Amino acid sequence: MVIFRTYRLFIWIFLLVCLIVGKQQEIQEYEARFEQSRRLEEFRCMNLNNYKKEGLDRLFSKEYDRIFRAVKKAPIRQKDKKRVVYEDSWGEARSYGGERNHEGTDLIDRENKRGEIPIFSMSDGKVENLGWLPLGGYRVGIRSGEGIYFYYAHLYRYETGLKKGENIKAGQLIGYMGDSGYGEEGTVGQFPVHLHVGIYIPDNGGNDMSVNPYYLIENLYQME
Ligand SMILES: [Zn+2]
């Protein structure tokens with residue numbers, strides 16, 4: 001009887017070890033994949049400001065051309081830009097809601113006042129998602145005709161009348177910068193007032209892959 005119990009215990013321990021090792025491997029593989037895409041992303045973005053001008057478009061993939069076609073306007077007007085700080089933080093570690101990587105660019109209001117800075121759509125497209133997300137707060141998701149998904153998060157409020165399924169033009173007002181999110185609906189004040197912009201491109205499997213919006217936004221301001 002004792003032998004039988006020990007045997008059973010051994011099996012359980014063995015299964016548990018398998019599970020832990022498997023999980024660990026999965027995490028390592030994910031990190032390796034992420035690091036790979038990060039390096040590729042950096043390479044693609046490095047000279048973005050000279051894109052086309054220096055013939056760098058030949059270095060870019062067809063996927064990137066789709067993004068360039070889709071992105072037309074900066075999410076913050078030039079006149080509000082001096083009030084906003086942003087940096088290249090794509091890929092940095094974030095811990096709320098589990099370990100993850102920052103899939104976007106944060107444009108932060110230096111004055112930290114919710115509801116004052118208007119947010120504009122970067123592309124033409126259709127409102128695919130609208131509403132609360134525990135991580136993103138009040139967010140708008142717009143899918144461009146090229147299939148690129150633009151994600152605007154932590155809004156104070158939406159532009160009045162904005163609806164899911166609505167067609168949007170690049171440069172159209174969609175809402176106001178805020179600090180909503182990191183909790184149940186209506187949560188504010190968990191972090192400074194900022195706009196989180198995410199840009200996603202569908203891969204062959206139809207999953208949205210995050211690309212770095214930082215250089216795209218920089219590029220837009222330089223072109224204005
Ligand atoms: Zn963010």
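Mentor: Helices (H or I, at least four residues) and strands (E, at least two) are DSSP runs, numbered from the N terminus. This is a predicted model, where local features need pLDDT of at least 70, side-chain atom pairs count only at 80 or more, and totals for chains, interfaces and linings use all residues. Residues are numbered from 1 along each chain as its sequence is written, and side-chain values use heavy atoms, with hydrogens and water left out.

Trainee: OK! Which strand is H154 in?

Mentor: H154 belongs to β8, the strand covering residues 149–155.

Trainee: What's its phi?

Mentor: For H154, phi is near 70°, so we have a positive value in a residue other than glycine.

Trainee: And is H154 buried or exposed?

Mentor: H154 is buried, because its relative accessible area is 6% (buried is under 20%, exposed over 50%, partly exposed in between, with a 1.4 Å probe and protein chains only).

Trainee: Changing topic: which residues are the protein donors of the zinc ion?

Mentor: H102 through NE2, D106 through OD and H196 through ND1, at 2.0 to 2.1 Å from the zinc ion. Donors are N, O and S atoms within 2.8 Å of the metal (3.2 Å for Na, K and Ca), and water isn't among the atoms, so sites may look incomplete.

Trainee: How are those donors spaced along the chain?

Mentor: The zinc donors follow H-x3-D-x89-H.

Trainee: Are H102 and D106 buried or exposed?

Mentor: Both H102 and D106 are buried.

Trainee: Now the largest nonpolar core. How many residues does it have?

Mentor: The largest core has 36 residues, and I67, I76, M122, Y152, L195 and I199 have the most contacts inside it. Such a core joins buried Ala, Val, Leu, Ile, Met, Phe, Trp, Tyr and Cys through side-chain atoms within 4.5 Å.

Trainee: Which elements supply at least two residues of this core each?

Mentor: Those are α2 (62–70), β1 (84–86), β7 (137–143), β8, β12 and α4 (213–223). The largest share of this core, five residues, comes from α4.

Trainee: What is I67 in contact with?

Mentor: Leaving aside neighbours within four places in sequence, I67 is in contact (heavy atoms within 4.5 Å) with I148, I199, I201, V211 and L216.
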